[in-house]
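I opened the model today and kept notes as I went. I began with the contact between chains.

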Amino acid sequence: MATEASRQPVSWFRGFYAAGVVPWIGRGLVLLLFVWLGVNLVKTPGDFGILLVEGVTLGLVYGLIALGYSLVYGILELINFAHGDVFMLGSWMALYIGVQKIGLDENSSGVTIVWGLGLTLLCCMAFCGLLNASIERVAYRPLRNAPRLAPLITAIGMSFILQDVGLNRLGPAPVSLPNILPTSTVFTIGGNAYGWDHLIVALSALPVLAVLVWLVQRTRRGRGMRATAQDQEAAAMMGINVNGTIWFTFLIAGALAGVAGLLYALYSTNIQFDQGFTLGLIAFTSAVLGGIGNLPGAVLGAIIIGLIQQFNEGLSWHAPGSDWTQSIVFAILILILVFRPEGLLGERTPEGG
Amino acid sequence: MTQDTGKVVDEIRDPWYHRWAGLPREWRRRYGELDDRQRFQVGIAWRSLLVIALIVGIDWPLGVFVGVIFAINYALPRVPERWSKYNRFVIPTLVAIAALTYPLYVANLGSMKLLGDYPALGTMVIMGVYSMMAVGLNIVVGYAGLLDLGYVAFYAMGAYTAAWFASVQFAHRNFHFGAVGVGTNTPGIHVSIWLLLILAGLLTLIVGVVIGLPTLRLRGDYLAIVTLGFGEILPQVARNGDNLGGFNLTNGPNGITPIDPPGFGNVNFLSGSGTFWTSERLYFWGVFVLVAITIFCSLRLRDSRLGRAWIAIREDETAAAAMGVPLMRTKTWAYATGAFFGGVAGAYFASFKQSTFPNDFSFNISAFILSMVILGGMGNVWGVVFGACFLAFLNQQGLADIGHSINNTFGTTLDVPKYQFGIYGLIIVVTMLLRPEGLIPSQRRKAEFHEGVADTPLYDVQA
């Protein structure tokens with residue numbers, strides 16, 4: 001037997017992993033990142049401060065999308081490719097209801113803005129939630145017992161269909177929304193203003209996250225979700241309606257995407273039919289960074305990604321700039337999957353995912 | 001699988017639409033109950049219907065051709081044993097002859113109902129290029145079962161290889177080697193496209209290995225995302241590559257153009273020679289040869305030791321590893337081989353279009369090629385080639401013509417090409433739901449999808 005085994009050549013990269021070199025490369029990269037941040041902090045503390053706050057704001061919006069990926073992955077181990085496009089249609093819904101139907105704009109009075117945005121929020125959540133849940137019903141449930149690749153492929157197909165709907169609703173060019181939220185300054189850091197609109201967006205994300213945590217941790221439904229995520233068969237034997245729970249999870253994930261769609265529309269005041277693809281991938285990266293299936297991890301990962309994006313686009317010393325944002329996010333995704341596939345807060349599984 | 005328990009519950013809570021939604025499943029169940037002789041009859045019946053539908057609905061030469069192929073397929077098992085060893089060459093030879101002579105009779109074909117004109121030669125070249133890419137992707141997705149969503153990266157790599165070594169991009173160098181139709185004083189590197197096809201394949205293969213090594217350890221869906229990431233990074237590098245530390249590598253969003261045409265002796269493919277050897281015909285025959293080589297390699301690889309290892313990994317990774325299949329090496333080879341063909345196709349396509357732009361390489365192309373593989377039938381080379389030709393034809397001219405037909409018939413003003421990616425998405429979803437093995441399936445893949453070889457839960461939780 002020994003000769004049989006020795007005949008199998010050990011590939012060089014296997015030895016590379018075994019020697020423990022890989023973690024040190026990872027630590028070296030993180031160290032470099034911090035050195036770069038430190039130098040920038042010393043050189044331009046004002047810029048650094050505002051980018052920190054803006055990064056957290058953006059990260060909270062990303063976090064809402066990332067949670068959708070994480071929820072679905074946790075329960076079905078499926079990357080819901082269509083999620084980003086559900087988010088995009090949420091933005092479209094915000095445009096359609098908020099701007100075109102209710103007619104919110106810069107000059108609306110405070111009361112109008114409050115009830116108008118509340119109504120828009122409800123519409124976005126209901127629309128995206130039901131859309132996501134029906135996608136589950138139509139495209140994923142019939143394939144529950146098929147090979148793993150099958151639902152992933154239908155997810156891509158659904159993403160295409162939704163993106164095409166968005167293209168036909170929004171047109172190929174970016175659509176800009178009026179500044180519904182007040183843009184006046186809350187505070188300035190080193191001469192850089194932070195507007196009320198961004199603060200409101202950041203603060204609106206927090207109660208949504210709180211409600212989600214309550215829902216998953218404290219309610220009967222939430223317990224069913226966690227049980228189904230752990231073991232579908234055992235959950236079914238304990239009397240949990242597995243399909244109903246999965247449907248509900250998609251509904252919640254879709255509603256989160258709806259909130260994110262509205263908040264993103266308010267935040268960037270610019271929406272586009274392919275934002276779902278780009279931001280969906282960024283959000284997915286965040287979910288992986290935090291440890292996919294782990295809800296606090298998704299938010300943490302999203303905030304880190306938001307910070308990295310803002311720092312990359314805003315800092316002046318050796319920052320690659322916005323041309324490279326997407327490449328950097330994907331490079332992070334790849335590095336995370338290579339160096340720490342379980343993410344920051346996730347648990348290591350035997351399959352390396 | 002304890003399907004009985006599931007069925008009882010299903011009957012109790014059948015929603016009204018199950019009557020319709022469950023119809024394909026019901027048909028499949030009934031079909032499963034037939035014996036071999038009855039299945040044979042059903043097969044003949046629906047094939048005849050298809051041929052009649054093609055003759056009446058589309059155009060008679062197409063219908064007759066398909067009918068002849070079906071007929072030969074039925075006749076082949078009855079060939080005397082003395083000659084039956086040549087059976088497997090009959091249909092490919094027939095299709096090859098029809099394709100090779102296509103430029104000579106295309107002008108006399110007229111147009112089809114609904115689908116508009118028969119594919120023009122330019123469209124045929126693009127169909128051929130996409131066939132190569134789809135066959136290459138089929139090695140990764142169909143044989144080895146690794147979902148690759150960044151195949152466009154290999155196409156881009158191939159296209160840029162052709163662009164670097166056969167254009168005026170690096171004008172400060174002046175190097176000529178075997179290029180046809182380029183003056184010897186033209187600045188830049190000009191190498192014969194035929195050599196570049198191989199070089200592009202090899203460079204792309206290296207890129208494939210570099211992408212594959214860190215990521216192939218990961219499980220299927222992670223691999224999909226990582227490949228998608230690479231598929232986005234490479235075009236972005238191309239877009240920003242006009243100033244990489246002051247060096248203009250890719251000429252940025254303006255792309256690299258013109259790229260030299262391929263050629264032999266004094267004849268280059270761009271200007272052609274005389275009335276017979278026109279440019280389009282030369283490009284078409286060129287791509288035909290490349291597709292033939294690709295299909296040949298793909299088939300031989302499938303039956304090789306490596307190919308059987310791929311299929312073993314696809315069906316059950318753990319069992320394959322236990323049987324001594326080296327997982328990493330086998331997967332990396334699948335990835336590298338798929339990449340090779342993608343690179344060759346990309347280089348030829350770039351030479352055909354005489355240009356390459358970063359915007360040619362969006363995620364949509366990856367998904368487009370993937371839907372070709374899925375529609376045609378994962379794992380079956382002929383199915384994949386059919387899927388590629390059909391979708392590339394639709395994309396190139398069919399959809400617009402269908403749009404005209406619909407608008408003329410119903411007096412509407414639909415802009416059908418605007419819905420093209422929705423249509424491809426729909427094709428992917430409907431194929432996966434109703435016929436996951438594709439239109440022309442490989443028998444083995446079909447069994448996997450219907451019996452669920454991989455990842456079958458011990459217990460059915462479909463309530």
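I call two residues in contact if their C-beta atoms, placed from the backbone, lie within 7 Å. This is a predicted model: local features need pLDDT of at least 70, side-chain atom pairs count only at pLDDT 80 or more, and totals for chains, interfaces and linings use all residues. Residues are numbered from 1 along each chain as its sequence is written, with chains lettered from A and ligands numbered from 1 in the order in which they are written.

**Entry 1: the interface.** I looked up how many residues each chain gives to the contact. Chain A gives 47 residues and chain B gives 48 residues. On the side of chain A that touches chain B, H7(A) gives the largest share, 14 residues. By class, I found 28 nonpolar, 13 polar and six charged residues on that side. Here Ala, Val, Leu, Ile, Met, Phe, Trp, Tyr, Cys and Pro count as nonpolar, Asp, Glu, Lys and Arg as charged, and the others, Gly among them, as polar.

**Entry 2: chain A overall.** I get 14 helices and four strands for chain A. Helices (H or I, at least four residues) and strands (E, at least two) are DSSP runs, numbered from the N terminus. The C-alpha trace of chain A spans about 80 × 60 × 40 Å along its principal axes. Of the 353 residues of chain A, 51% count as buried. Buried means that 20 or more other C-beta atoms lie within 10 Å of the residue's own; exposed means 12 or fewer, and partly exposed lies in between, with C-beta atoms placed from the backbone.

**Entry 3: helix H14(A).** H14(A) has 15 residues and reaches 21 Å from its first C-alpha to its last, close to the 21 Å expected at 1.5 Å a residue. The expected span is 1.5 Å times one less than the number of residues. Its buried residues include A:Phe330, A:Ile332 and A:Leu337.

**Entry 4: helix H17(B).** Where does H17(B) bend? I find a bend of about 60° at B:Asn395. The bend is the angle between axes fitted to the seven residues ending there and the seven starting there. H17(B), residues 381-410, spans only 38 Å between its end C-alpha atoms, whereas a straight helix of 30 residues would span 44 Å. Just after H17(B), B:Gly411 takes a positive phi of about 65°.
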